[in-house]
Amino acid sequence: MRKIVFILVFITCTVSAQQSYIVDTSYTVKSTYAKLIKKYPFIKIAEAKDNPDNTKIENIVYYKNNNRALHLDAFYNKKQKSNPAVIVIHGGGWKSGNKDQMQVLAQEITSKGYSCFAIEYRLSLEAKYPQGIYDVKNAIRFIKDNAKKFHVDPNKIAVLGCSSGGQMAALIGTTNENLAFEDQQYKSKSNSKVQAIIDVDGILAFKHSESEEGEMAAFWLGGSYEEKPENWKNASALNNTNKETPPVLFINSSFSRFHAGRDDMIAILNQHKIYNEIHTIDNSPHSFWFFQPWLDETVKYTTQFLNKVFK
């Protein structure tokens with residue numbers, strides 16, 4: 001008799017004797033591979049190539065509050081003293097995933113002459129919207145404050161996210177200098193402004209004819225659309241897109257639900273003559289960026305776009 005067992009693992013991580021938070025480990029590279037391998041038998045989990053010009057520093061604390069430390073992994077190319085920077089945001093439905101999942105992508109982009117940063121941020125089991133947005137913007141400010149250390153040009157910052165991270169990246173980039181999306185408690189000499197957005201299979205609108213977002217989005221946004229309509233509206237990059245939005249790259253799977261609102265956003269970008277690109281990876285699943293042959297394609301589209309915008 002065939003048995004199918006669904007396992008959702010929750011691990012409680014104790015930060016201090018007074019505080020703990022829950023981590024959902026259901027979304028991993030290995031679990032995604034197990035789901036996809038039958039339909040895509042040719043795929044391989046991507047690995048980063050060794051590059052002597054790359055420096056890697058893990059688990060740098062960029063923010064600490066009430067004994068809760070948030071970390072980032074830094075990757076920078078040593079050949080140049082000042083590289084464009086790429087902020088990398090993991091996916092997982094705003095509830096799962098972690099920064100380690102973005103290390104391979106970050107290292108491959110770094111090898112092309114960039115400084116990359118994989119960001120830890122608070123997920124929905126720990127903190128609701130907009131806290132995760134605050135976290136990533138705080139990380140951007142921290143990186144700018146330490147630009148020389150990380151070989152970063154603070155005026156050439158791109159934000160890249162995958163899946164729910166792509167939604168966050170688009171929102172972060174479309175809310176440049178919008179104080180409603182800034183953590184007023186974070187002290188920094190720098191701003192969180194970015195000069196480019198790379199959205200990898202992340203939605204642009206939560207309430208849209210193309211969107212299929214439901215319980216997972218509601219859990220992050222603090223309630224259903226009927227309960228929290230303003231959050232659903234304000235958290236949508238489409239509703240924040242205007243003449244100040246930086247250039248945007250969309251890299252998408254073959255599943256249209258993961259770019260809900262994209263074409264409407266492009267119409268606004270085109271109206272304001274803001275540079276944008278779309279690349280759809282044919283016959284690819286969601287989470288394609290974890291696997292070869294699609295990782296190489298993702299890196300190619302990303303670096304070609306960044307070279308055009310920054311170099």
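## The second largest pocket

Strands β2 (20-24) and β5 (68-77) each contribute at least two residues to the lining of the second largest pocket. The structure is a predicted model. Of the elements that line this pocket, β2 provides the largest share, with four residues. The lining comprises 24 residues in total, and those nearest the centre are Tyr-21, Val-23, Gly-97, Asn-98 and Glu-120.

The space in the second largest pocket amounts to about 440 Å³. Sorted by class, its lining holds nine polar, eight charged and seven nonpolar residues.

## Cysteines

The number of disulfides in the model is zero. A disulfide is a covalent bond between the sulfur atoms of two cysteines. Here the pair to consider is Cys-116 and Cys-162: the cysteine sulfur closest to that of Cys-116 belongs to Cys-162, and at 12 Å it is too far away for a bond. The cut-off for a disulfide is 2.5 Å.

Both residues are enclosed by protein in the sense of accessible area: Cys-116 is buried at a relative accessible area of 0%, and Cys-162 is likewise buried at 0%.

## Helix α1

Helix α1 spans residues 29-36, and its buried residues are Val-29, Thr-32 and Leu-36. These three lie on the same side of α1, because they cover an arc of only 65 degrees around the axis. The other side of the helix carries the exposed residues Lys-30, Ala-34 and Lys-35. The cover over the buried residues of α1 includes β3 (44-45) and β12 (291-292).

Asn-83 belongs to strand β6 (residues 83-89) and is buried, with a relative accessibility of 1%. Leaving aside residues up to four places away in sequence, its contacts are Asn-77, Gly-113, Tyr-114, Ser-115, His-151, Val-152 and Asp-153. The C-alpha atom of Asn-83 is 7.9 Å from that of Lys-156, although 73 residues separate the two along the chain.

Thr-298 is part of helix α8 (residues 294-310) and is buried at 0% relative accessibility. With residues up to four places away in sequence again left out, Thr-298 touches Leu-105, Ile-251, Ile-281, Phe-288 and Trp-289. Between Thr-298 and Lys-308, ten residues apart along the chain, the C-alpha separation is 16 Å.

## Backbone geometry in the loops

Most residues other than glycine have a negative phi, and most peptide bonds are trans. One runs from Tyr-129 to Pro-130, with omega near 10 degrees; Pro-130 is in the loop between β7 (115-119) and α3 (131-145). The other runs from Gln-292 to Pro-293, with omega near 15 degrees, and Pro-293 is in the loop that lies between β12 and α8.

Positive phi values occur at two serines. For Ser-163, phi is near 60 degrees; this residue sits in the loop between β8 (152-162) and α4 (164-174) and is buried, at 13% relative accessible area. For Ser-287, phi is near 70 degrees; the loop between β11 (276-280) and β12 contains this residue, which is buried at 3% relative accessible area.

Notes:
Residues numbered from 1 in each chain as written. Predicted model: local features only at pLDDT ≥ 70, side-chain atom pairs only at ≥ 80, totals over all residues. Heavy atoms only, no water. Buried < 20%, exposed > 50% of the residue type's maximum accessible area, 1.4 Å probe, protein only. 1 Å grid on protein atoms, 1.4 Å probe; cavity = no way out; pocket = protein on both sides within 12 Å on 5 of 7 lines; lining within 4 Å. Points joined across faces, edges and corners; volume = space filled by probe spheres on them. Nonpolar A, V, L, I, M, F, W, Y, C, P; charged D, E, K, R; others polar. Contact = heavy atoms within 4.5 Å. Arc of directions from axis to C-beta.
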